[in-house]
Amino acid sequence: MISVEKIGGTSMSAFEQVLHRIMLADPARIYGRIYVVSAYSGVTNQLLEHKKTGEPGIYALFANGQDYAGALEKLAESLNAINAGFAHLGLPLDVADAFVDQRIALAREHLNALRHVLASGYLNRKSVLLAAREILASIGESHSAFNSVEMLKAHGVPAILKDLAGFHDSKAWTIDERIHHSFKGEDLANSVIVATGYTKGSEGIMREFDRGYSEVTFSKIAVEVRPDEAVIHKEFHLSSADPNIVGLDNAVIVGATNYDVADQLADVGMEAIHPKASKPMEHAGIPIRLKNTFEPDHPGTLITKDYVGESARVEIITGSERVTVVEIHDPNMVGTVGFDLGLVGILSRHGISYILKATNANSIAHLLWEKEVTPELIAELQAKYQVVLVKPCAIVCVIGSNIAIPGVLARAAQALAEAKVNINCISQTLRQVNMQFLVDRDNYKPAIIALNSALCLPYRASVPVA
């Protein structure tokens, strides 16, 4: 059996459990596995910017002409401190620290060269900054992958490092070409391979995928080698709702679902897997298993192309508080063919893809990510339409592979009413895999709790075993 397995940053920071409870747990399953590793938790935030808060990292210092070299030195100290935390697992600190120092020195050389190019004014600033972002992003994954291989070797496993960052070559390969050349001829069934979540390519993996690049590498490796299964190890199970909101005892592990459901989750920011990573695997017919790193004996949740629950049930309640609804009201809209075409054109010019759309005779509401609702966008809309309403809110979704249940909408609405949550807007398509409710932002958690209790907990006993 061949498997490609992605290990997330939080799990990598708990590498002792990963090593003993995943990599070495079953003597019969040590080989035939390719691990695609993320940087240790917090490292990419330090390199680029904090994923959630936006707090700037080394990249911002470089972009603003500030002391990025000093920040790189502090980064080296942080990475070496991480190394020290794994000494008891057999990591040779002299070797690991030397790797960090060498990689930081190379990165500094590359950034210095880019700084001079920027100063010359001959090249497009955006392209140079994107190159700097690529260089910085790669450091974290190269560090964690190198350490993983060294610790596996210390435990008697002759692991192979696939450092896809390409720091030591000038090959003008695309991402796909680099992955193909890296894995060509490998005896996968009898090998243990650790690959970096970052892959260097002529098109730039961050240009299109930004912080989702490690899952894209995972996906492309899987499509290249066609494993029996692709596995994602995270610090949590895919559950009926966020355990931090509903409580661990009330979060039902999903067990089995399909790619359509995974897409619905990604659309509201809860990525079981990055949608641009999942599509190639879906087309290739590769099943994805989501597992909890800290419960390795649990089968987790299996995502396949054709799964539909044998019995109708709601699988997941999720959503986001980081959204804003923008509603256009214009009496001229009624009966006007293509009225919304101009509105969508404005959104497109601002690079915005909406999450939800609801209409009536003379109003159109679009749900957008809060960070994309800029003063420039609102000003352009107000110049064209009579009334523009902007309201920060939350979206709560009821999702499942088979939720065509008579009365489920009524039960959902009743559960929200009993929790004193008003529904501001609602959307559901004929496919019936996702009911979406817009609620006031301070009602987000009460809505999640109410819907999980009413729609998911009654089906706890019927959850499929993946």
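## Cavities

The second largest cavity has a volume of about 40 Å³. This is a predicted model, in which local features need pLDDT of at least 70 and side-chain atom pairs count only at pLDDT 80 or more, while totals for chains, interfaces and linings use all residues. Residues are numbered from 1 along each chain as its sequence is written, and side-chain values use heavy atoms, with hydrogens and water left out. A cavity is a set of points, on a 1 Å grid over the protein atoms alone, where a 1.4 Å probe fits but cannot get out; lining residues have an atom within 4 Å of a point. Grid points are joined across faces, edges and corners, and a volume is the space filled by probe spheres set on the points.

The lining of the second largest cavity consists of V326, I328, L343, L347, H366, L368 and L381. At least two of the lining residues come from each of β9 (316–329), α14 (339–349) and β11; helices (H or I, at least four residues) and strands (E, at least two) are DSSP runs, numbered from the N terminus. By class, this lining has six nonpolar residues, one polar and no charged. Here Ala, Val, Leu, Ile, Met, Phe, Trp, Tyr, Cys and Pro count as nonpolar, Asp, Glu, Lys and Arg as charged, and the others, Gly among them, as polar.

In total, the structure holds two cavities of 30 Å³ or more.

## The β10–β11 hairpin

Strand β11 (residues 363–369) pairs with β10 in the antiparallel sense over four bridges, where pairing requires that DSSP find at least two bridges between the strands. A hairpin of three residues joins β10 to β11, and T359 has I364 of β11 as its bridge partner.

In a regular strand the side chains alternate between the two faces of the sheet. Buried means under 20% relative accessible area, exposed over 50%, and partly exposed in between (1.4 Å probe, protein chains only).

## Aromatic pairs

The structure holds six aromatic pairs. Rings of Phe, Tyr and Trp (its six-membered ring) pair if their centres lie within 6.5 Å; planes under 30 degrees apart count as stacked, over 60 as edge-to-face and the rest as tilted. The pair of Y40 and F86 is tilted, because the ring centres are 5.4 Å apart and the planes lie at 35 degrees. Y40 belongs to the loop between β2 (33–37) and α3 (43–47) and F86 to the loop between α5 (68–84) and α6 (93–120), so the pair ties together parts 46 residues apart in sequence. Y40 is buried at 2% relative accessibility, and F86 is buried at 7%.

Y198 and Y213 form an edge-to-face pair, with 5.7 Å from centre to centre and 80 degrees between the planes. This pair links Y198, in the loop between β4 (192–196) and α9 (205–209), with Y213 in helix α10 (residues 213–225), 15 residues apart. Y198 is buried with a relative accessible area of 4%, and Y213 is buried at 2%. Ring pairs also link F15, Y40 and F86 into a cluster.

## Charges over rings

The charged end of R103 sits over the ring of F167, 4.6 Å from its centre. Likewise, R133 places its charged end over the ring of Y59, 5.0 Å from the centre. The criterion is that NZ of Lys or CZ of Arg is within 6 Å of the ring centre and within 35 degrees of the ring normal.

Terms used. On a 1 Å grid over the protein atoms alone, a cavity is a set of points where a 1.4 Å probe fits but cannot get out, and a pocket is an open set with protein on both sides within 12 Å along at least five of seven lines; lining residues have an atom within 4 Å of a point.
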